[in-house]
Amino acid sequence: MDKPFDWTQKRPDFDTMTYEETIRFCIALEQAAAAFYEELVQGTDDPVAKALFGELALMERGHEQRLEQLDEEAFFETVPTTIIDLKTTDYLEVAEPGQELTTQGILILAAQREKATRDLYAELALRYAAEPFLHEFFKMMAEEEAKHKYILEEEYERMMGGEM
Amino acid sequence: MSSAPQTLTPKERMRIPRQEMPEQDPEARSHNFDEVNLGYDAETAMQEAQRCLQCKKPLCIDGCPVNIKIPEFIQLIVDGDFLGAAAKIKEDNSLPAVCGRVCPQETQCEATCVVGNRFRPVAIGHLERFVSDNERETGQVQLPKIAKSSGKKVAIVGSGPAGLACATDLAQWGHEVTVYEALHEFGGVLVYGIPEFRLPKKILATEIENLEKMGVTFIKNFLIGKTMTVDELMDEEGYDAVFVGTGAGLPWFMNIPGENLNGVYSANEFLTRVNLMKANQFPQSDTPIKIADTVVVFGGGNTAMDAVRVSKRLGAKRAIIVYRRSEEEMPARDEEIKHAKEEGIEFMLLTAPKAMLDDGQGWLKGVECLKMELGEPDESGRRRPVPIEGSEFTIEADLAVVAIGNGSNPLLAKTTPGLKINRWGNIIADPETGRTSKKGVFAGGDIVTGGATVILAMGAGRQAAAAINEYLNTGKWVEIDG
Ligand SMILES: Cc1cc2nc3c(=O)[nH]c(=O)nc-3n(C[C@H](O)[C@H](O)[C@H](O)COP(=O)(O)OP(=O)(O)OC[C@H]3O[C@@H](n4cnc5c(N)ncnc54)[C@H](O)[C@@H]3O)c2cc1C
Ligand code: SF4
């Protein structure tokens with residue numbers, strides 16, 4: 001298995017990477033995201049939280065698989081939709097690394113990770129603009145990460161209630 | 001008392017205008033902590049009570065979370081039997097003088113009142129307040145009869161409305177009840193959160209005195225989870241059951257840069273300093289508070305309204321609410337928003353904070369904000385506020401208060417093995433009975449629901465009391481799902 005993606009490291013320079021290296025990087029990214037959610041599932045008693053994080057973990061595992069296979073046929077069966085960006089957590093600060101995370105912190109961190117991944121796929125979609133399959137593939141991945149961000153920001157707003 | 005004639009037709013009743021609540025003058029009251037609402041006198045209350053149509057299907061009762069028999073108590077006011085009216089309310093609500101003041105009637109009983117379909121609804125809250133104040137002020141509070149001792153002991157953790165309501169019923173049924181409270185005063189948010197100008201502390205003090213007369217023991221400065229655990233209460237102190245009503249007292253933070261600067265308070269700290277530690281009387285009291293020219297309060301709930309109105313009373317020249325949604329979405333009671341505006345509070349709506357600004361010495365000098373706009377409708381058709389990029393602007397301010405809500409303190413759950421919590425740290429409890437995942441332990445109020453309302457906490461305390469009573473009598477424990 002690839003080395004798990006380390007979120008504290010800097011974004012790689014895709015200019016210097018081959019196509020294969022880029023895909024392997026994305027796979028590591030998805031594995032790390034899935035592991036992050038799986039850990040959250042383990043750490044809670046709450047059935048609703050288990051379901052939420054479990055679903056996100058499954059989706060990231062799905063991405064991992066999709067990147068492994070890069071199957072053109074299967075991909076074109078899924079039609080991407082445009083997701084609303086609530087931007088609820090865009091201006092918030094991620095908690096200091098090493099500090100014990102509150103639920104609020106977990107949601108901010110998770111939503112910001114999804115944003116970073118969305119931006120990364122959007123960048124790759126542009127990079128591969130000349131290759132229709134890869135261009136569409138990365139665009140769709142970006143949309144899906146945007147959807148994860150939406151789910152997490154919805155949950156954040158629900159948790160915080162109307163006072164915020 | 002004499003009985004008023006019942007001669008008015010429904011039309012005539014509806015023609016009576018809603019009786020206004022007498023209030024302190026806005027300019028005068030924005031410099032003092034005395035109660036804003038002055039209360040009805042008997043004549044006004046009887047006039048208002050005449051507006052009730054005594055509906056066959058009283059929708060107001062459905063609107064009340066604890067189903068107070070509203071038309072019945074209002075009829076007793078019409079009949080001049082004010083003590084009877086107070087007793088009628090107390091069948092369903094242990095804290096009517098509090099609820100008459102702080103319940104969001106406009107979204108509950110008064111929202112469903114039939115008169116409200118064409119005119120302003122019957123002022124149910126004002127009437128509730130009138131009869132309970134009358135009972136207290138005339139020294140005629142009737143304490144419930146206490147049943148023969150059951151020989152069972154119950155510990156109540158937390159003295160907020162949930163804990164007090166639970167204690168009242170359990171004491172009445174003959175159980176030995178002890179309330180443990182972490183702070184040095186009893187009442188929960190009712191004493192440390194809601195300011196004197198909305199809820200005078202003497203009201204709570206009377207409630208506590210009455211409970212003491214009923215045999216309830218109160219222990220203050222006692223933090224369950226630290227001084228003693230729930231298991232120790234049961235195994236070593238011999239309690240047969242424990243009710244956890246510890247509330248949602250852990251403030252959410254905004255997680256924006258500069259939030260740790262001096263001059264930035266959580267609403268909890270700000271309000272506790274004034275309400276509980278009497279910082280407004282410093283140096284006569286021991287606790288100081290920063291007196292500021294411009295105060296910005298973030299949030300749109302009752303907590304935000306309380307904080308901003310307190311800051312005005314402390315002497316702020318500008319006191320501003322910053323809220324990221326529009327006024328329609330503000331969860332604060334309508335009356336608090338109205339009163340705040342009358343007192344000169346500024347409202348910056350569809351505005352969100354981006355960063356707190358440092359004066360270079362570690363103190364707040366201003367707040368950078370972003371304008372929001374209502375975004376595209378989502379699947380449910382709701383338009384949500386989203387930040388407008390590049391819309392940043394600065395408000396110069398020397399004090400900021402974060403009032404965006406509270407979560408639950410993890411201490412008790414962490415120190416109680418077997419007590420299950422949900423994803424927000426709230427205790428998982430059966431909504432009908434308050435039974436938790438741990439045998440003999442019940443919970444209710446904000447610790448279960450997250451920040452909610454006084455009446456819901458009170459109702460949960462009473463439901464749990466009934467379930468505790470049954471458990472103590474039968475010894476039967478049913479596991480909860482989840
Ligand atoms: C500023 C403010 C204004 C509000 N205004 C309104 C309003 O106008 N109308 C309305 O309906 N609602 C209002 N609310 C909400 C309402 O006050 C709460 O929903 C209600 O008080 C919850 O009651 P509770 O008994 O669950 O908890 P609380 O009132 O929070 O009481 C819990 C008590 O438990 C104690 N405690 C906590 N942990 C421990 C422990 N480990 N050991 C011992 N004691 C412990 C706490 O010190 C506290 O005294 C307001 C809330 C705030 C903060
Ligand atoms: S709905 Fe209004 S008018 Fe009808 S009984 Fe209730 S308070 Fe009276």
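Me: How much area do chain B and chain A bury between them?
Reply: This is a predicted model, in which local features need pLDDT of at least 70 and side-chain atom pairs count only at pLDDT 80 or more, while totals for chains, interfaces and linings use all residues. Residues are numbered from 1 along each chain as its sequence is written, chains are lettered from A and ligands numbered from 1 in the order in which they are written, and side-chain values use heavy atoms, with hydrogens and water left out. Buried area is the accessible area (1.4 Å probe) that two parts lose on being put together, summed over both. Of the area between chain B and chain A, 53% lies on carbon and sulfur atoms, and the total is about 2,800 Å².

Me: How many residues of chain A are in contact with chain B?
Reply: Contact means heavy atoms within 4.5 Å. On the side of chain B, 35 residues take part, and they are in contact with residues of chain A numbering 28.

Me: How many salt bridges does the rule find across the interface of chain B and chain A?
Reply: A salt bridge is a side-chain nitrogen of Lys or Arg within 4 Å of a carboxyl oxygen of Asp or Glu. The side chains of Arg325(B) and Glu157(A) meet in one, at 4.0 Å from N to O. Across the interface of chain B and chain A, the number found is five.

Me: Which strand gives the most to the side of chain B that touches chain A?
Reply: Helices (H or I, at least four residues) and strands (E, at least two) are DSSP runs, numbered from the N terminus. Strand E11 (364-377) and strand E12 (383-387) of chain B each supply at least two residues of that side. With four residues, the element that gives the most is E12(B).

Me: Against which helices of chain B do the buried residues of H6(B) pack?
Reply: Buried means under 20% relative accessible area, exposed over 50%, and partly exposed in between (1.4 Å probe, protein chains only). In helix H6 (residues 82-90) of chain B, the buried residues include Phe82(B), Ala86(B) and Ile89(B). The buried residues of H6(B) pack against helix H3 (42-49), helix H5 (70-78), helix H7 (96-102) and helix H9 (124-137).

Me: Which side chain does a polar contact of 3.0 Å join to that of Glu135(B)?
Reply: Glu135(B) lies in helix H9 of chain B and is buried, at a relative accessible area of 3%. A polar contact is a pair of N or O atoms within 3.5 Å; within protein, one must be able to donate a hydrogen and the other to accept it, and residues adjacent in sequence count only if both atoms are side-chain atoms. Not counting residues up to four places away in sequence, Glu135(B) touches Leu83(B) and Ala86(B), among others. The side chain joined to that of Glu135(B) at 3.0 Å belongs to Lys90(B).

Me: Is Met234(B) buried or exposed?
Reply: Met234(B) lies in helix H13 (residues 230-235) of chain B. Among the residues that Met234(B) touches, beyond those up to four places away in sequence, are Tyr239(B) and Val441(B). Because its relative accessible area is 17%, Met234(B) counts as buried.
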